[in-house]
Amino acid sequence: MSDHEHHHHEHGHTHEHSASEGQDAGTQALAEALRSSFFIVKVVMLLMVIAFFGSGFFTVGASEKVVILRFGKPVGEGDKALLGPGMHWSFPYPVDELVRITNSAQQSVTTTVGWYFTTPEQELSGEELPAGSTLNPAIDGYLITADRDIVHSRATIVYHVRDPIAYTFGFSNAPMMVLNALNNALIHAGASFNTDDILINRQTDFRDAVQQRVMDLADQEHLGIEVDQCTVDSIPPRQLAGVFADVVNARETSANSITAAQSEATNLVLQAGAEAAAKITRAVVDSGNYVTLVKADAKRFNDLLPQYRTNAALFEQQQINLAMAEVLTNVGDKWFIPENANGKSSQLRLQLNPEPPAPPTEGQNQ
Amino acid sequence: MKRNVMTLIIGVILVVIFLLLLFTFQVRRTQIAVVTTFGKPVANLDQPGLYFKWPWPIQHVYKFDNRIQNFEDRPSQSLTADSNPLIVTVYVGWRISDAAAFYPKFPGGSVEMAQTMLENMVRNAQNAVVASNTLSAFVNADPTQLKFDEIQNEMLQTVQTDLATNNYGMKLEFLGLKKIQLPDSVTQAVFDRMKANRQKLIDNLKSQGVADALRIRSAADSDAARTLADANAEAIRTRAEGEAEAAKTLPTFEQNPQLAGFLLRIDAIKQSLNQKSTLIFDEGIPPFDLFQNLPTNSVPNP
């Protein structure tokens, strides 16, 4: 029945009309309400559908990757399964599931299997418990060295995840696996090095050995990590700190003695070299001078020979007088001792090496 | 009619979702699963994906983590082949490799029970392997004598064999030593030995330093002496060459040896008398003989 027909019928039957009018108004109101409700339900369903599919949008940060598991299975294989930074979409759960993997941020682990019992707070405050006479294996860590000594050592590695899929899906607790690899590397290196090599002589080699073994174990166990840095801190047992300090002092003293000796030796050798060079130079100069002098003498000889042959006595007298004139000019003291009037020679007495007078004693001065 | 279609679609979707939940299940990338029909394993699933199943109580799905799990044994003391007590702690990486085999071995697929069993196996293997090796196989500076990896592999093989023999559905991926320690009482003896060794080292360092310094000085003395000796030899050789060169002038002087001798004496006098010399002479020495017979103010001797 249409609304128009219903309207005419209402004018013909007034009493019936009032009863049915109230009923129709209620039906109409109910229909209106149902229409409205159904419309709201449709809108809500539409919004839910939009929200359902809209919830599939997600963003991937700069330092992470995302793997989509569709019905539990990775979408894509190998590197193609890794979604990089940006906005992506996937079916909402339970169809797809997102697994976020932090891949580029560096992580670090520190092993204390070789360190005595302490806490970071105690260490920072310098209030560590005093060392006992022995080490308790239940709480104290240490390394047994190749020469069967005991040293304390702890190591920290900084690493990043090279293969996020292996690191995330391969292990229930990958950081713990990395830590155990570091534990193993540290005690292995300790077992391969002597005490002095660990503490003094080959610290770098020791650290490199730890790092290399961690990398080897990570490869063997397919951890998918790359070790960026390794630091190792090693000390002798606290119970022997005094005697180890004495060794350091003795080593220092010995090194100083050797350094001083080397310095002296260098000076001595340099001095000898300089002296040798001077001797050789002097010999070369002397030899040259000598040859020059002799040649000059020879020339002088040749020049004087004709005069000498002319009158040898006169020549000699002339030369002696010239020499005397030169000598008398040069000498500091010249004593002329004339003959006495009686014709006898004067006497001149010289005291050779006279004994020097003894210095006055203190008592004598007073 | 339009409303009915919409209602029908919604109903179908709800039914489909309900049926999917009832008849399907997922195995994730990190899981393996076993499907049982009335308690009997019928499907062993080791690949991720969506699978169908009959609803409970007909079929039941048991899922397990198939990632490698870390397990650490408690420290255990053993005697080495040369009777040295060692406290060894081992870690292992293991995983459930066969869900159908693992599930019935441990009630409810209990991982805790599996690890307890694994702990016993590891300890047995550890004791056996430690007892068959000397301490020098554990710690040694000589790589050929150090059997660290061999010891680990031996333990690993022993446990792997036990697991395979008993078909526990578990696989040991790797095994490593986490700690090697000594009993409390032994550390005191080690400290005493280390202290004695350090004291010897101190003495050695001191004497070695003195000896090294002495050796360095001696070597330097020797080097210096050799250098000077070489220099002296070189100087002598150089002078000899000069003298040989000078000797070539001898024929010149041989023309008149008297003149040569006279000139040499004259030169000797000039060179020997310098400013520090005191020359004493009397009237008999030329040219002071010119002073002879000159009147003087000398007092004649009585």
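Guide: Let us start with Arg148(A): this residue has 19 C-beta neighbours inside 10 Å, so Arg148(A) counts as partly exposed. The cut-offs are these: buried means 20 or more other C-beta atoms within 10 Å of the residue's own, exposed means 12 or fewer, and partly exposed is in between, with C-beta atoms placed from the backbone. A word on the source: this is a predicted model, in which local features need pLDDT of at least 70 and side-chain atom pairs count only at pLDDT 80 or more, while totals for chains, interfaces and linings use all residues. Residues are numbered from 1 along each chain as its sequence is written, and chains are lettered from A and ligands numbered from 1 in the order in which they are written.

Visitor: Thanks! What is the phi of Arg148(A)?

Guide: The general idea is that most residues other than glycine have a negative phi, and most peptide bonds are trans. Arg148(A) is not a glycine, yet its phi is positive, about 65°. Look for Arg148(A) in the loop between strand S8 (143-144) and strand S9 (150-161) of chain A.

Visitor: Which residue with a positive phi follows H7(A)?

Guide: That is His222(A), with phi near 55°. His222(A) sits in the loop between helix H7 (203-220) and strand S10 (225-235) of chain A. With 16 C-beta neighbours inside 10 Å, His222(A) counts as partly exposed.

Visitor: And where is the cis peptide bond?

Guide: Go to chain B: Trp56(B) and Pro57(B) are joined by a cis peptide bond, with omega about 15°. Pro57(B) belongs to the loop between strand S4 (49-52) and strand S5 (59-65) of chain B.

Visitor: Which residues of H7(A) are buried?

Guide: They are Phe206(A), Ala209(A), Val210(A), Gln211(A), Arg213(A), Val214(A), Leu217(A) and Ala218(A). Their cover includes S9, helix H5 (174-192), helix H6 (195-201) and S10 of chain A. For the chain A total, 26% of the 366 residues are buried.

Visitor: How do I read two helices from different chains?

Guide: Two packed helices are described by the angle between their axes and the distance between the axes. Axes are lines fitted to C-alpha atoms, for helices over the stretch in contact, and angles run from 0 to 180 degrees between N-to-C directions. Here helix H8 (residues 241-310) of chain A and helix H8 (residues 257-272) of chain B have axes that come within 11 Å and cross at roughly 115°. Phe301(A), Leu304(A), Leu305(A) and Tyr308(A) meet Leu259(B), Ala260(B) and Leu263(B) in this contact, where contact means C-beta atoms, placed from the backbone, within 7 Å. Nonpolar covers Ala, Val, Leu, Ile, Met, Phe, Trp, Tyr, Cys and Pro; charged covers Asp, Glu, Lys and Arg; the others, Gly among them, are polar.

Visitor: How many residues does each chain bring to the whole contact?

Guide: Chain B brings 105 residues and chain A brings 105. On the chain B side, helix H6 (residues 184-247) gives the largest share, 40 residues. That side has 49 nonpolar, 30 polar and 26 charged residues.

Visitor: Which strands pair between the chains?

Guide: Pairing needs at least two DSSP bridges between two strands. Strand S11 (residues 333-337) of chain A pairs in the parallel sense with strand S10 (residues 278-282) of chain B over five bridges. Trp335(A) stands opposite Ile280(B) there.

Visitor: What is the order of the open sheet in chain B?

Guide: Its three strands run S3-S2-S5, with antiparallel pairing. The edges are strand S3 (40-45) and S5, each pairing on one side only. Five bridges join strand S2 (residues 31-37) to S3(B), and Ala33(B) stands opposite Leu45(B).

Key
Contact = placed C-beta atoms within 7 Å. Helix = DSSP H or I, 4+ residues; strand = E, 2+ residues; numbered from the N terminus.
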